[in-house]
Amino acid sequence: MRTDEIQVFVDGTINFFNTVSSKQAQVGSPHLLEDLSESLFEYTGIIGITGIYSGNILFSAPEKMMHELLVEYEGVDVRSELLLDLVGEVANTLSGNARETLGSEFNISPPVLSRGSVGEITTAKGLQTYCIPIVWGEWRANLILAVS
Amino acid sequence: MKFMVVDDSMVIREQIENILSDSHFDFVGSAKDGLEAVREFKLLRPNVVTMDLTMPKMNGGETIRRMMTYDSSVRILVISALKDKATALRALSSGAYGFLPKPFTSYELKSAIEKLIADMET
């Protein structure tokens, strides 16, 4: 995947935070991942991509960050059952970015959402996996790209 | 003016309900998938519907077509994270009146709905 294509996912994630909240999100230092589980938090959304590129794009965030982000939603009654829904919205945004950027020749799976079970989350083997931190307030989430 | 919200995300359903209720619209109900949406639509008879596209059981495009068959005067605003041109054009060709990409601000939602209402009245 080209750098400018990766940047679309980074911009999309930053735009999500900046649109729904009053605080600006920032991009941390990207790095290669050796062990996926080290970059995962309690809430994770995963989309799959097949086509010229194939692999997975993940957004993973700590519970407290998602809770604080949910507080920013106008009029929404904050409760834990909505946190996975909110991660799903971020993952849906990534899915929309993927479709817009990569075109219709790619198949993009609906997001799969996970709460807590870090050990069950895997990506396609043998791919270089990049982790791009998304810093929002005092919290940090990770945008993870494991795409050929 | 009665409005209904269709989205599989509870966060989005509550967000839209709260934003539009502040704008003196009359919230009549919501649905989390296309089948439920068509069933509720026939009972509630809203003037305006906000519609997600990617939903379980029946997608937004088919849901719009069924609603329009039942009542072609309804105005439907598609609100979706799938914001590529092809998806937007497909939604409009199904009968939707407008398209708002996710994520959105309350200002953007109110503006999109106000435009849709203004077009209804002219």
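B:Val11, B:Lys83 and B:Pro103 supply 31% of the area that chain B buries against chain A, more than any other three residues.

This is a predicted model, where local features need pLDDT of at least 70, side-chain atom pairs count only at pLDDT 80 or more, and totals for chains, interfaces and linings use all residues. Residues are numbered from 1 along each chain as its sequence is written, chains are lettered from A in the order written, and side-chain values use heavy atoms, without hydrogens and water.

Here's who touches whom, with contact meaning heavy atoms within 4.5 Å:

| Chain | Residues in contact with the other chain |
|---|---|
| Chain A | 23 residues |
| Chain B | 22 residues |

The rule finds two salt bridges across this interface (a side-chain nitrogen of Lys or Arg within 4 Å of a carboxyl oxygen of Asp or Glu). In one salt bridge, A:Arg79 meets B:Glu14, at 2.5 Å from N to O.

## A helix in chain A

Helix H1 of chain A covers residues 3-20 (helices are DSSP runs of H or I, at least four residues, numbered from the N terminus). At 1.5 Å a residue, its 18 residues should span 26 Å, and its end C-alpha atoms are 26 Å apart, so the two agree (the expected span is 1.5 Å times one less than the number of residues).

How values were computed
Buried area = accessible area lost by both parts, 1.4 Å probe. Helix = DSSP H or I, 4+ residues; strand = E, 2+ residues; numbered from the N terminus.
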